[in-house]
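Subject: Structure handover

Hello,

Here is the structure I promised to pass on. Please have it open while you read, and my notes follow below.

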Amino acid sequence: METVSNNSDKQSLQNVRLGKDVKIYNFVNAYGCSIDDGSKIGTFVEIQKGATIGKNCKISSHTFICEGVHIADNVFIGHNVTFINDKFPRATNEDGSLQTETDWNCVETYVEQGASIGSSVTILCGVKVGKRAVIGAGSVVTRDVPENAVVAGNPARIIKYLEKTLA
Ligand SMILES: CC(C)(COP(=O)(O)OP(=O)(O)OC[C@H]1O[C@@H](n2cnc3c(N)ncnc32)[C@H](O)[C@@H]1OP(=O)(O)O)[C@@H](O)C(=O)NCCC(=O)NCCS
């Protein structure tokens, strides 16, 4: 992997570790993260520091991948997907000062190999989405999703399981 910084009118990449053949579309804002071989990052995606994206992933446009999110290989992320890393966020401290990085704890989230996350899904922090699981469009994921499960709704509930051999 090489570390890339590239600030242009159409892209802002700061200290991004990039694998081979990564395709990054216009208006992506990414910093301090890593994106492994063959992955594609759609337009208007933001990826924060410390986030990791595996090989051959597809991240669709308008998605937000925050610090603390770890995405394994072959994962599909739909449009407008939002990850979360702070369950009880506050703008300010008790004394009214704006919170800084030292005032809150980042909670990590894991998306395992081959999982697919539908469009406009929100994933609460601290959960694990299991291998090859599928998250229905518009779902709000509040708990771990087992391997091969298909979940949907708010809160997301299991609607069925896929055969283990299916991608
Ligand atoms: C979750 C999903 C995979 C289920 O597909 P499916 O197995 O064919 O399921 P069905 O369409 O037979 O629906 C089964 C039940 O789940 C419900 N359901 C399906 N998708 C749902 C969703 N996203 N949210 C809430 N409920 C959903 C259906 O209404 C149905 O309920 P019912 O039995 O009470 O009528 C699919 O609907 C989905 O949301 N895929 C994500 C697509 C996406 O976002 N792609 C992004 C790139 S374009």
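Let me start at the ligand: an N or O atom in the side chain of Lys160 is 2.6 Å from one of the ligand's oxygen atoms. That is a polar contact, meaning a pair of N or O atoms within 3.5 Å; within protein, one must be able to donate a hydrogen and the other to accept it, and residues adjacent in sequence count only if both atoms are side-chain atoms. The protein covers 37% of the 910 Å² of accessible area that the ligand has on its own (Shrake-Rupley method, 1.4 Å probe; for residues, only the protein chains shown count as cover). S20 and S21 are the elements that give two or more residues to the shell around the ligand.

Before going further, please keep in mind that this is a predicted model, where local features need pLDDT of at least 70 and side-chain atom pairs count only at pLDDT 80 or more, while totals for chains, interfaces and linings use all residues. Residues are numbered from 1 along each chain as its sequence is written, and side-chain values use heavy atoms, with hydrogens and water left out.

Ser119 places a backbone N or O atom 2.8 Å from a ligand oxygen atom, and Ala137 has a backbone N or O atom 2.8 Å from a ligand nitrogen atom. The residues around the ligand (those with a heavy atom within 4 Å of it) also include Phe76, Val134, Val150 and Ile159. By type, the shell divides into 6 nonpolar, 4 polar and 1 charged (Ala, Val, Leu, Ile, Met, Phe, Trp, Tyr, Cys and Pro count as nonpolar, Asp, Glu, Lys and Arg as charged, and the others, Gly among them, as polar).

Now the strands, which are DSSP runs of E with at least two residues, numbered from the N terminus; two of them pair if DSSP finds at least two bridges between them. Strands S18 (residues 134-135) and S20 (residues 149-152) pair in the parallel sense over 2 bridges, with Val134 and Val150 as bridge partners. Both strands belong to an open sheet of 8 strands with mixed pairing, in the order S3-S6-S9-S12-S15-S18-S20-S21. Its edge strands, S3 (23-24) and S21 (157-161), each pair on one side only.

Elsewhere, S4 (residues 28-31) pairs with S2 (residues 11-18) in the parallel sense over 4 bridges. S4 also runs parallel to S7 (residues 46-47), joined by 2 bridges. Ala30 in S4 stands opposite Leu13 and has Ile47 as its bridge partner in S7.

Best wishes
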